[in-house]
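Me: I should like to understand how the terms applied to a structure follow from its values. Please set each value against its definition.

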Amino acid sequence: MTAAVAENVSEQSDEMKSHGASAVSFSGIRKSFGSNQVLCGVSFSCASHSATALIGANGSGKSTLLRCSLRLIEPDAGSIHVFGKSVRELSAGELRKVRSQVGFVFQKHNLVSRLSALTNVIHGAIGQGYSFRAWYQSIAPSELRERAFACLERVGLSDFALKPVQTLSGGQSQRVAIARAVFQKPKLILADEPAASLDPESGQQVMELLRELTQSEGIGLIFSTHHIDHALEFADRVVALKSGTIDFESAPDKLDATELRKFYMPSGSPL
Ligand SMILES: Nc1ncnc2c1ncn2[C@@H]1O[C@H](COP(=O)(O)OP(=O)(O)OP(=O)(O)O)[C@@H](O)[C@H]1O
Ligand SMILES: [Mg+2]
């Protein structure tokens with residue numbers, strides 16, 4: 001082994017020691033849009049096999065932070081490690097590979113409405129080496145179709161597999177988006193307000209589904225939410241963003257809903 005290679009291996013193992021147990025870790029993340037300083041040095045980690053709730057008022061930077069984690073938005077400063085890899089230092093190809101191991105679930109589900117639920121789930125294979133054969137379920141290899149169908153079954157939607165997404169309810173569509181994320185066999189799911197556009201019952205079901213999937217598959221989960229009850233019920237850690245920094249980070253059993261509501265309400269306003 002040359003000295004340069006030995007040094008590289010030693011650096012990698014040091015990196016794995018400090019970040020290897022985390023699905024994601026953020027250190028000193030800064031991001032401004034023009035003069036709007038959104039993130040002013042945010043640091044926290046989400047362990048593999050655990051769920052972190054990201055809370056904070058509108059505009060506090062939750063979506064920006066989630067998008068920075070895979071460089072969908074480029075941060076101005078700081079480091080981000082996903083599965084121990086420093087994502088800001090990855091080549092385009094390495095970054096694509098890391099992205100393919102992460103399922104993103106958005107508030108607006110980002111599905112192609114006119115296409116079937118099954119095709120939308122199979123789209124999770126785009127970027128995993130399948131190219132055009134993953135565009136439509138009818139031309140997809142049977143292995144992909146069967147696996148996608150199993151994912152829809154997993155989220156209780158096997159009867160809707162061939163229905164266009166535009167004919168499904170909001171809750172059903174969000175479950176298709178989760179099936180698509182699961183189809184990617186992710187090691188991490190980033191869910192940006194996954195329950196925000198849903199009625200309370202569908203929202204609860206989607207959160208239960210995410211928890212069940214992450215626990216049974218050992219997937220790390222970060223979800224942003226304005227639902228205090230969801231943060232307390234479904235997360236192992238609650239991280240609160242305020243004025244561009246972390247206001248507090250805590251296990252949910254150390255918090256109560258009244259305290260958390262104060263976080264959203266300026267002092268003096270009615271709870
Ligand atoms: N692409 C962009 N260009 C300019 N400003 C942006 C962009 N994306 C976000 N912002 C600004 O960054 C700030 C943080 O936005 P962000 O969407 O991350 O907040 P959030 O905590 O997710 O809010 P919400 O709870 O409403 O979803 C806001 O002031 C927003 O206007
Ligand atoms: Mg947001």
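Me: In which helix is the place of Gly-171, and why is Gly-171 called partly exposed?

Reply: Gly-171 belongs to helix H6, where helices (H or I, at least four residues) and strands (E, at least two) are DSSP runs, numbered from the N terminus. A residue is buried if 20 or more other C-beta atoms, placed from the backbone, lie within 10 Å of its own, exposed if 12 or fewer, and partly exposed in between. Gly-171 has 17 other C-beta atoms within 10 Å, and is therefore partly exposed. The model is predicted, so local features need pLDDT of at least 70 and side-chain atom pairs count only at pLDDT 80 or more, while totals for chains, interfaces and linings use all residues. Residues are numbered from 1 along each chain as its sequence is written, and chains are lettered from A and ligands numbered from 1 in the order in which they are written.

Me: Which residues is Gly-171 in contact with, leaving aside its neighbours within four places in sequence?

Reply: They are Leu-198, Ser-202, Gln-205 and Val-206; contact requires that the C-beta atoms, placed from the backbone, lie within 7 Å. Gly-171 and His-109 are 62 residues apart along the chain, and their C-alpha atoms are separated by 9.9 Å.

Me: Why does Ser-197 count as partly exposed?

Reply: Ser-197 has 16 C-beta neighbours inside 10 Å, so it counts as partly exposed. This residue lies in the loop between E7 and H7. Apart from residues up to four places away in sequence, Ser-197 touches Gln-107, Lys-108 and Gly-170.

Me: How do you know that the span of helix H7 agrees with the number of its residues?

Reply: The expected span of a helix is 1.5 Å times one less than its number of residues. Helix H7 (residues 200-217) has 18 residues and should therefore span 26 Å; its end C-alpha atoms are 26 Å apart, which agrees. After H7 comes Gly-218, whose phi is positive, near 65 degrees.

Me: Which residues of H7 are buried, and what makes them line one face of the helix?

Reply: Gly-203, Val-206, Met-207, Leu-210, Leu-213 and Thr-214 are buried in H7. Seen down the axis, these buried residues fall within an arc of 130 degrees, so they line one face of H7; the arc is that of the directions from the helix axis to the C-beta atoms. An α-helix has 3.6 residues a turn, so residues three or four places apart point the same way. On the other side of H7, Glu-201, Glu-212 and Ser-216 are exposed. The cover over the buried residues of H7 includes strand E3 (51-55), helix H6 (170-183), strand E7 (188-192), strand E8 (220-224) and helix H8 (228-234).

Me: What makes E8 mostly covered, and which strands join it?

Reply: In E8, 5 of its 5 residues are buried, so the strand is mostly covered. On one side are Gly-220, Ile-222 and Ser-224, on the other Leu-221 and Phe-223, and all are buried. Two strands pair if DSSP finds at least two bridges between them. E3 and E8 have 4 bridges and pair in the parallel sense, with Thr-52 opposite Ile-222. E7 and E8 also run parallel, joined by 5 bridges, and Leu-188 stands opposite Gly-220.

Me: Why do E2 and strand E5 (85-86) stand at the edges of their sheet?

Reply: The open sheet has 4 strands in the order E2-E1-E4-E5, with antiparallel pairing. E2 and E5 each have a single partner strand, so one side of each is left without a neighbour in the sheet. Strand E4 (residues 77-82) is joined to E5 by 2 bridges, and Val-82 has Lys-85 as its bridge partner in E5.

Me: How do the residues of the shell around ligand 1 divide into nonpolar, polar and charged?

Reply: The shell holds 2 nonpolar, 8 polar and 1 charged. Ala, Val, Leu, Ile, Met, Phe, Trp, Tyr, Cys and Pro count as nonpolar, Asp, Glu, Lys and Arg as charged, and the others, Gly among them, as polar. The residues around ligand 1 include Phe-33, Val-38, Gly-59 and Lys-62; a residue is near a molecule if its C-beta atom, placed from the backbone, lies within 6 Å of it. H2 gives the largest share of the shell, 3 residues.

Note on methods:
Contact = placed C-beta atoms within 7 Å.
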